[in-house]
Amino acid sequence: MPDRDTVIASVPTGLWVGGEQVPAVDGRTFPVFDPADGQVLTEVAAAGSADGARALDAAVKAQPEWAATPARERAEILRRAWELVIGRRDDFALLMTLEMGKPLAESYGEVDYGAEFLRWFAEEAVRINGRYLPSPSGKGRILVTREPVGPTLAITPWNFPLAMGTRKIAPALAAGCTVLVKPAAETPLTMLLLGRVLVDAGVPPGVVSILPTTDAAGLTGPLIADTRLRKLTFTGSTGVGKALLEKASQRVLRTSMELGGNAPFVVFADADLDAAVDGAMAAKMRNNGEACTAANRFHVDNTVRAEFTAKLTERMRSLRMGPGHHNGVEVGPLISEKQRASVDALVRDAVERGAVVHTGGASEPGSGYFYPPTVLSDVPADARILREEVFGPVAAITGFDGEAAGVAVANNTEFGLAAYIYTRDLERALRVGAALESGMVGINRGVISDVAAPFGGIKESGLGREAGTEGIEEYLEVKYLALP
Ligand code: NAP
């Protein structure tokens, strides 16, 4: 395992533009913090609109040649990038823990998951196909082809600093698109290191640019307005997603939106309760609870609610909290003081309305943005925590009576990303799985992300899908050639 200073010193801190490390045009930089102690890890270049314009020029210039590069060659480059990320697994994992806070074991999990998109889409790059058919009228023939959509802007969040980037970059490159990446201001280091890997893997100059900034709107606004940009792919909050959709609509720009969630975790009376608690721990505590797929609300049939609450409380209480790179730590700090205050406000609101605290419930003063694993029960229906994304280690439990009530309460949200159900009854699992209004449903499983499965939401949780065989379609345009 490298030490903290060595890994930080190995990170390129300039912008990646035209295949090179460059300073920002105006020379500005900004600090990146360790959320475990609030200390500055390093400073990185801060991209402004002039840097965005330079990167888009490079992407537009590189686009035709990259699109014309044989799919097999694009695939080989992606495959090499997967090997290089895995070769630097320790560096990526420690770096992610340092800038984002999650426990090291979780960071290793993300390195493997995030790298896997590079390998998966290397395999998909050579399977982009079309269709041929004679017209039913007998008067012509139809040839359908797929072409790269073109220069793409990818905006990513801080919670999965590697995977949210590779889930966009890999399919875009596989499809033959050039990409500009704007990582979250809190976690630019992992993406900057990935930039080094992509160059080393043979990605040609201009094909990928990486533009950290503290002025997200100032950088991306002019890019979205530029007619040469052909696609916007965003992962982040629903609020920012809506604002970006409004801007994109002015140009009828192709968009993919992976937005917020409010996942219900529904435990039916016939569930294997121990398995449900295992699943609940995974669905709630993965990534410190800072996952869009995180179980936000636990709806438990009243016949088993007390037992489920007791078992979950015991498990949550036993978790060890501390800096993510310390041995044995299972819960790291949250990303920022703002995030900690937001989690705390949701808990206080629920308690003021009558929720019962079983463990946790308040943050302790001290350096680092820690919030203890918390279990609340008897959470009233009007509590904000049932309607808003918590993004922290808090499990809010409510009861229901019977299957229909369980489905109704689960669907009572404007979000529709992930949902989880626990039942031993196969018929019920399929019936409820079909009735739930969400893009993904875990059935007796607490972790659902899979490189080979379509990831995405319905309702206000998003548009389009990432990963799976569906993911590459987001970067392809369909063209119809009418033949005699
Ligand atoms: P966020 O505040 O929406 O930020 C996401 C990204 O958008 C960041 O890079 C951010 O830059 C940028 N951004 C913010 N305002 C912008 C603007 N006006 N114009 C252009 N870009 C802008 O979300 P977050 O707090 O980083 O991430 C948490 C959210 O992401 C949660 O809601 C979570 O559910 C969602 N998420 C969804 C998925 C999914 O697949 N559906 C996956 C992971 C996370 P700055 O960092 O500079 O603010």
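Biologist: Why is Cys292 called buried?

Modeller: Cys292 has a relative accessible area of 13%, and buried means under 20%, exposed over 50% and partly exposed in between, with a 1.4 Å probe and protein chains only, so Cys292 counts as buried. Cys177, with a relative accessible area of 0%, is buried by that definition too. This is a predicted model, in which local features need pLDDT of at least 70 and side-chain atom pairs count only at pLDDT 80 or more, while totals for chains, interfaces and linings use all residues. Residues are numbered from 1 along each chain as its sequence is written, and side-chain values use heavy atoms, with hydrogens and water left out.

Biologist: How many disulfides does the structure hold?

Modeller: The structure holds zero disulfides, a disulfide being a pair of cysteine sulfur atoms within 2.5 Å.

Biologist: Why is Asp344 called buried, and what joins its side chain to that of Tyr371?

Modeller: Asp344, which lies in helix H12 (residues 337-352), has a relative accessible area of 16% and therefore counts as buried. The side chains of Asp344 and Tyr371 are joined by a polar contact of 3.3 Å; the term stands for a pair of N or O atoms within 3.5 Å, where within protein one must be able to donate a hydrogen and the other to accept it, and residues adjacent in sequence count only if both atoms are side-chain atoms.

Biologist: Is Asn444 buried, exposed or partly exposed, and why?

Modeller: Asn444 has 37% relative accessibility, so it counts as partly exposed. Asn444 is placed in the loop between strand E18 (440-443) and strand E19 (462-463), and its phi is near 55°, a positive value in a residue other than glycine.

Biologist: What makes Ala467 buried?

Modeller: Ala467 has 1% relative accessibility, and therefore counts as buried. Ala467 lies in the loop between E19 and strand E20 (476-483), and although it is not a glycine, Ala467 has a positive phi of about 65°.

Biologist: Which residues are the closest to the ligand?

Modeller: Of the 31 residues that surround the ligand, the closest are Thr156, Ala185, Ser237, Leu259 and Glu389. A polar side-chain atom of Glu389 lies 2.4 Å from an oxygen atom of the ligand, and a polar backbone atom of Thr156 is 2.7 Å from an oxygen atom of the ligand.

Conventions. Near = heavy atom within 4 Å. Helix = DSSP H or I, 4+ residues; strand = E, 2+ residues; numbered from the N terminus.
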